[in-house]
Amino acid sequence: CVGCVWVLGDIKKSNLFSVIIDTTTDISNKEQFTFLMRYVHEQGNIEERLVALVTAPDSTGCGLFEVFCNITEKYGIDWKKRLCAQAYDGAASMQGKYSGLKTFIQNENPNALYVWCSAHLLNLVIVDTCDCCIVTKVFFGDIRALVEFMRARKRTASFIEWQQQLYPNQRKRHLKRFSNTRWTSHDRVIVVVYEKYAALLKALNSIASANDSDGDTSSTAKSLILRISSFNFVFTMIFMRQIFSITTPVSNYLQSKSIDFIQAIRLVDKKKND
């Protein structure tokens, strides 16, 4: 298309460029390879453009490198001389020292500096910190069990109904599943539990005592009431809410187009002072 030709023309005019690559599994369990390029426009503006989105038949470092070569060859991109940086997440197939995509590229172009995603690094710090403490591991296990239990339509309806009664003028919230690889999603769940805690307890009590609830449903609801009413759960919820109030804005900022690392540090300091 005309737009693609225009973008590729700008990329070729720039002396240097970097690539941002990520992979994700689609609904058919096929690995999708996303190829973006970042370059300086002739007017001095930094541009970031999606160049290709293709299926990767092999998700190993070697297989991803083959897809990378196919894309650059197809569009006539001289990466061996002009590629100055490459940015991925921390997956072994991407940043592996011996057989990762970045290593295959650096074997051909040693100047292609590898930059690990700062937001992903922050995510790993949070994951490792939470995993080293039994209290937080139990807390997030309880949160996961709560979310899975409340996903049923009738239970969600009960939760919404109690929100309407207790918080008539506030926005109604749902409990959504969270991802272990994106810890900002944990923040969203904790915010809902924290802000709608009384409605959640009322809903669980209603479910436990409902005439149409079977034995397993009533037992699980009673068990969840005891778990989320415990001191450890409430204390950890408040504590993690404070932690995520700092890390989530920083994570979002580290993924923004106008990223400024000095500004990110200032943002952390401001949140700490607040």
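This is a predicted model: local features need pLDDT of at least 70, side-chain atom pairs count only at pLDDT 80 or more; totals for chains, interfaces and linings use all residues.
A helix, as the word is used here, is a DSSP run of at least four residues marked H or I, and helices are numbered from the N terminus. Is Thr-217 buried or exposed? Its relative accessibility is 11%, and because buried means under 20%, Thr-217 counts as buried. If we leave aside its neighbours within four places in sequence, Thr-217 is in contact with Phe-149, Arg-155 and Ile-207.

Two of these contacts can be followed further. The charged end of Arg-155 sits over the ring of Phe-149, at 4.2 Å from the centre of that ring. Arg-155 also belongs, together with Lys-154, Ile-207, Asp-212 and Ser-213, to the residues that lie nearest the centre of the second largest pocket, which is lined by 14 residues. The elements that give two or more residues to this lining are helix H8 (153–166) and helix H10 (197–209), and it is H8 that gives the most, with six residues. The volume of the second largest pocket is about 270 Å³, and its lining, sorted by class, has five nonpolar, four polar and five charged residues.

A charge over a ring is found in another place as well, for Lys-196 lies over the face of Tyr-167, at 4.8 Å from the ring centre.

Because Tyr-88 lies in strand S4 (residues 83–88) and Tyr-114 in strand S5 (residues 113–116), the pair ties together parts that are 26 residues apart in sequence. Both Tyr-88 and Tyr-114 are buried.

Another pair is made by Phe-231 and Phe-235, whose ring centres are 5.8 Å apart and whose planes stand at 20 degrees, so that this pair is stacked. What separates Phe-231 and Phe-235 along helix H12 (residues 231–254)? Being four residues apart in that helix, Phe-231 and Phe-235 are separated by about one helical turn. Whereas Tyr-88 and Tyr-114 are both buried, Phe-231 and Phe-235 are both exposed. Finally, aromatic residues can also be found in a group, as Phe-35, Phe-65, Phe-68, Trp-79 and Phe-104 form one aromatic cluster.

Terms used:
Residues are numbered from 1 along each chain as its sequence is written. Side-chain values use heavy atoms; hydrogens and water are left out. On a 1 Å grid over the protein atoms alone, a cavity is a set of points where a 1.4 Å probe fits but cannot get out, and a pocket is an open set with protein on both sides within 12 Å along at least five of seven lines; lining residues have an atom within 4 Å of a point. Grid points are joined across faces, edges and corners, and a volume is the space filled by probe spheres set on the points. Ala, Val, Leu, Ile, Met, Phe, Trp, Tyr, Cys and Pro count as nonpolar, Asp, Glu, Lys and Arg as charged, and the others, Gly among them, as polar. Buried means under 20% relative accessible area, exposed over 50%, partly exposed in between (1.4 Å probe, protein chains only). Contact means heavy atoms within 4.5 Å. Rings of Phe, Tyr and Trp (its six-membered ring) pair if their centres lie within 6.5 Å; planes under 30 degrees apart count as stacked, over 60 as edge-to-face and the rest as tilted. A charge sits over a ring if NZ of Lys or CZ of Arg is within 6 Å of the ring centre and within 35 degrees of the ring normal.
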